Amino acid sequence: RAPTAALSAAGLSCDEIVRAGGPARSPLWLQMHADATGRPVVVCENSDAPLLGCAVLASVACGVHRDVATAVGEMVRTARRVEPNGEMVDKYTEVYSVYRKLSSSLRGVSSAISELRGGGSSFGSQQEFGVSDSADDGDVIISPSLLASDWSNIKGEIQRCMEAKAKWIHVDVFDGVFLNSPLAFTFGPQMVQAMRRCSDDIILDVHMCVVDPRRFVDAMADAGATRFIFQWEAISDNSEATLELVKAVERAGMKCGISINPSTPVENDNFFLSVISTGKVDVIDILAVEPGFGGQAFQERVLGKIRALKHMRERLRKNKHDIKLMVDGGMNERTSKAVVAAGADILVAGSFLFHHPKGLNHGLQQLQDNSRS
């Protein structure tokens, strides 16, 4: 499972696995690999890969086929395909999710073992899984928001994001109660689990605009969420509950973020500062529009909030608490440049990307280029 995740992280697709010889030929072995990876296993008529490869090259050298691609097309023939069992894929996904969480817990132990051995890579490092929270070369991170995507084709939309080299995806979870509207009702844990099945390695942030976010922690962790971002206004009047929520997110194996509305004044809020000073919160999601619906205009007043939180973050960094500033809503070629200049590290964009006239890939590159200029 980890190699296929790494391929996806590198921007390479893996639609099937071709068995290339070896002793593992039993039907049980083939089915296990199909179920564990969630991909069909192809069994060729000739499963002796070295012999078949030599025959392919020989046929080209002798002029039987004009090139290797043609020879492969003619000579490598499928005997059968072993399709993954959907129920078993779900079970393996749960096991793999635990494996990934466990790996981070054992990282310190494995590093110590590596040092004793005299080097080598640590077990379960982010590079092993192709997962990194950092942008390449200091670039701002662009996180497409699925709120603006085609919900009838979520898998295809996530695939579009991955083809555009997006490493993060933003999932707005509205329960129709915290935002008092029957239309503000979006994705649940089952849908998040389905999203995770589309990619093992992409950073999957769930933005929880819900009443009592604590009750969703375990469900979202089991579904495969990377980061649990709760709405500050949903819980900030209860200091004990807020701290317990942050700890619960950490215990569940997820990273924790806090989202704040444009009108919420947290810049001089000592309790807010005490929560982010715990070292358990790694993202502050600054909403530049009112939560609930995509396509809204950017609120210029949040630029001052971003600058204030940037100064707050600089103070925290002295205590080795690094926090990324995410700005969510109203992103376009003009506003993206302004928020990056104010101090943003992550831009969440929905309508601009998914409805871009030249396509999502072009829109993402446009935001990335603007953030550099």
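Visitor: Is F272 buried or exposed?

Guide: Burial is judged by relative accessible area, where buried means under 20%, exposed over 50% and partly exposed in between, computed with a 1.4 Å probe on protein chains only. F272, with a relative accessibility of 0%, counts as buried. The model is predicted, and in it local features need pLDDT of at least 70 and side-chain atom pairs count only at pLDDT 80 or more, while totals for chains, interfaces and linings use all residues. Residues are numbered from 1 along each chain as its sequence is written, and side-chain values use heavy atoms, with hydrogens and water left out.

Visitor: Which residues touch the most other members of the largest nonpolar core?

Guide: In soluble globular proteins, nonpolar side chains tend to be buried together. A nonpolar core here is a set of buried Ala, Val, Leu, Ile, Met, Phe, Trp, Tyr and Cys residues joined through side-chain atoms within 4.5 Å. The largest one has 72 residues, and the members that touch the most others are V171, M220, F228, F272 and V339. The element that gives the most to this core is helix α13 (residues 302-317), with 6 residues; helices (H or I, at least four residues) and strands (E, at least two) are DSSP runs, numbered from the N terminus.

Visitor: How many aromatic pairs does a search of the whole structure find?

Guide: Rings of Phe, Tyr and Trp (its six-membered ring) pair if their centres lie within 6.5 Å, and the planes decide the class: under 30 degrees apart is stacked, over 60 is edge-to-face and the rest are tilted. The search finds 3 such pairs. In one of them, W151 and F187, the ring centres are 4.7 Å apart and the planes stand at 55 degrees, so the pair is tilted. W151 lies in the loop between β4 (141-144) and α8, and F187 in the loop between β5 and α9 (189-198), so this pair ties together parts that are 36 residues apart in sequence. W151 is partly exposed at 40% relative accessibility, whereas F187 is buried at 5%.

Visitor: Why is the pair of W232 and F272 called edge-to-face?

Guide: Their ring centres are 5.1 Å apart and their planes stand at 90 degrees, so the pair is edge-to-face. W232, in the loop between β7 and α11 (239-251), and F272, in helix α12 (residues 270-276), are 40 residues apart, and the pair links these distant parts of the chain. W232 is buried, at 2% relative accessibility. Ring pairs also bring F271 into a cluster with W232 and F272.

Visitor: Where does R227 lie, and which side chains does R227 join through polar contacts?

Guide: A polar contact is a pair of N or O atoms within 3.5 Å; within protein, one must be able to donate a hydrogen and the other to accept it, and residues adjacent in sequence count only if both atoms are side-chain atoms. R227 belongs to strand β7 (residues 227-231) and is buried, with a relative accessible area of 0%. The side chain of R227 is joined to that of D205 by a polar contact of 2.8 Å, and to that of D282 by one of 2.9 Å.

Visitor: How many salt bridges are found in the whole structure?

Guide: Side chains of opposite charge can pair when their charged atoms come close. The cut-off for a salt bridge is a side-chain nitrogen of Lys or Arg within 4 Å of a carboxyl oxygen of Asp or Glu, and the search finds 16 of them. R160 and E157 form one at 2.9 Å, N to O; these two residues are 3 apart in helix α8 (residues 154-163), and so separated by about one helical turn. R160 is partly exposed at 28%, while E157 is buried at 7%. D322 and R317 form another, at 2.8 Å, N to O, and both residues belong to a network of salt bridges that also links R313, E314 and D345.

Visitor: What is the phi of K165?

Guide: K165 is a residue other than glycine, yet its phi is positive, near 70 degrees. K165 sits in the loop between α8 and β5 (168-174) and is exposed at 54% relative accessibility.
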